[in-house]
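Biologist: I'd like to learn how to read salt bridges in a model. Can you walk me through them?

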Amino acid sequence: MNNILQHRLIRCSLFFVVFFTLFSSTSLAAHAPDPQVYPDTRPVQVFSIKEGKVMQSFINNNQFQEQASQILHSVNGLAPQLNPGKDYEYIVRIPLQKPHPVQFGTRKLETTEMFVFYSKNKQPFVLVFEEHNRPYFFTFSKDLTPLFSILKQQ
């Protein structure tokens, strides 16, 4: 493996260690729905990269599940080189209520959670993890306007 590729892998790995530490921190409990009212549901969360924190949490309803399914069905292929920490403003985390297949080329994987990276100036992409926690970054063709409309309504 050449030095440039190693450097990118290390940088990307460090970003995701910080990213997942923030998304799984105990401070998120204040943003989560009441587990007694909504058992077995992990919330949809909007994370601001600039602020370095979860800005909003939403009850993970069927509207979010439908948007997630449409995004995953519109995957075009693996995303090109990215700099997710710098180039994107928001990440929308959508836990899936059941494993969802993702088809790209001749390969297929299943995921239980997805992260949509959004920027006003860049093409969005989605991050998913397969059953062995290997990350995959994908481009997709689904318009995000309906997802943002749901986020604004909630």
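Modeller: Let's start with lysine 122, which is partly exposed at a relative accessible area of 41%. Partly exposed sits between buried (under 20% relative accessible area) and exposed (over 50%), using a 1.4 Å probe and protein chains only. Keep in mind that this is a predicted model: local features need pLDDT of at least 70, side-chain atom pairs count only at pLDDT 80 or more, and totals for chains, interfaces and linings use all residues. Residues are numbered from 1 along each chain as its sequence is written, and side-chain values use heavy atoms, with hydrogens and water left out.

Biologist: Which residue forms a salt bridge with lysine 122?

Modeller: A salt bridge is a side-chain nitrogen of Lys or Arg within 4 Å of a carboxyl oxygen of Asp or Glu. Here lysine 122 pairs with aspartate 87, the closest N and O atoms being 4.0 Å apart. Aspartate 87 is partly exposed too, at 27% relative accessibility.

Biologist: How many salt bridges does the structure hold?

Modeller: It holds 3. Arginine 93 and glutamate 113 meet in one of them, at 2.6 Å from N to O. Glutamate 113 also forms a salt bridge with arginine 42, with the closest N and O atoms 3.6 Å apart. So Arg42, Arg93 and Glu113 are linked in a network.

Biologist: Are those residues buried or exposed?

Modeller: Glutamate 113 is buried at 17% relative accessible area, and arginine 93 is buried at 10%. Arginine 42, at 37%, counts as partly exposed.
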